[in-house]
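Q: Please take a close look at one part of this structure, starting from a single side chain. Then place that part within the rest of the chain, with the cut-offs given as you go.

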Amino acid sequence: MSEQLAQPVIDTHVIVRDGDKILLSQRGGPYGHGRWHMPSGKLDKGEPVTEGAARELAEETDLGVDPTHLRLVHVVHHRQDNEVERIGFFFEATEWKGEPVNKEPEKCLALQWFTVHDLPEDIIEYPAAGLLGYLNDSGPLTEHGWR
């Protein structure tokens, strides 16, 4: 083992669920172009993780959520490549205000509701690991991309 300390990127992902429907966004940028994931983003330095998740959700979808209404439902420790690892905190929004609007059309091609029984096949693998961990109630942690 290396004596270097890990320096993971910290990501937040917000699962907006209305009954059996989950809100997904379709990537418009170069990474994962055309594929689906939950509203998400990187945590800013000095920012509490729930506040970062609420901020990202608002920036991307215009949905307002009080950080106290974000329930941690899964964590993914993701190895992106030999140089970058990420820790993703997956929250379920238990209450929110507003209707989803694509606030970042340069980064997002679409926002769409999918039923939990008919999710798109092309969800990006890392966020899919967290979403499936939540939906399958498979425990609090998934290690993804390490083997």
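A: The side chain of E47 reaches the backbone nitrogen of D44 at 2.9 Å. A polar contact here is a pair of N or O atoms within 3.5 Å; within protein, one of the two must be able to donate a hydrogen and the other to accept it, and residues adjacent in sequence count only if both atoms are side-chain atoms. The model is predicted, so local features need pLDDT of at least 70 and side-chain atom pairs count only at pLDDT 80 or more, whereas totals for chains, interfaces and linings use all residues. Residues are numbered from 1 along each chain as its sequence is written, and side-chain values use heavy atoms, with hydrogens and water left out.

E47 sits in the loop between β4 and α1 (49–61). Helices (H or I, at least four residues) and strands (E, at least two) are DSSP runs numbered from the N terminus. E47 has a relative accessible area of 16%, so it counts as buried; the classes are buried under 20%, exposed over 50% and partly exposed in between, with a 1.4 Å probe and protein chains only. Not counting residues up to four places away in sequence, E47 touches G52 and R55, where contact means heavy atoms within 4.5 Å.

Two strands are taken to pair if DSSP finds at least two bridges between them. In this pairing S40 of β4 stands opposite H13. β1 (residues 9–18) also pairs with β6 (residues 85–93), in the parallel sense, over eight bridges; there, A93 is the bridge partner of V16. Two antiparallel bridges link β1 to β2 (residues 21–27), with D18 opposite K21. β1 and β2 form a hairpin with two residues between them, and G19 in the turn has a positive phi of about 65 degrees.

In a regular strand the side chains alternate between the two faces of the sheet. Two nonpolar cores can be listed, a core being a set of buried Ala, Val, Leu, Ile, Met, Phe, Trp, Tyr and Cys residues joined through side-chain atoms within 4.5 Å. The largest has 17 residues, and I15, I22, L24, M38, L119, I123 and L131 have the most contacts inside it. β2, β5 and α2 each supply at least two of its residues, and α2 gives the largest share, five. A second, separate core of eleven residues includes V16, L23, L70 and A93.

Helix α2 (residues 125–135) has eight of its eleven residues buried, so it is largely enclosed by the rest of the structure. Those buried residues are Y126, P127, A128, A129, G130, L131, G133 and Y134, and they pack against β1, β2, β3 (36–37), β5 (70–79), β6 and β8 (141–144). Leaving aside neighbours within four places in sequence, L131 is in contact with I15, I22, M38, F90, L119 and I123. D137, which follows α2, has a positive phi near 50 degrees.

T142 is found in β8 and counts as buried at 19% relative accessibility. The side chain of T142 makes a polar contact with the side chain of H74 at 2.6 Å. Not counting residues up to four places away in sequence, T142 touches H74, V75, V76, H77 and A129.

A further buried loop residue is G32, at 17% relative accessible area, which lies between β2 and β3. With residues up to four places away in sequence left out, G32 touches R27 and I124.

For the whole protein, there are two helices and eight strands, in the order β-β-β-β-α-β-β-β-α-β from the N terminus on. Of the 147 residues, 42% count as buried. Residues 24 or more positions apart account for 68% of the contacts with a separation of 6 or more. The radius of gyration is 15 Å, which agrees with the value near 15 Å for a compact globule of 147 residues; the radius is taken over C-alpha atoms, and the globule rule is 2.2 Å times the number of residues to the power 0.38. The C-alpha atoms fill a box of roughly 50 × 35 × 35 Å along the principal axes.
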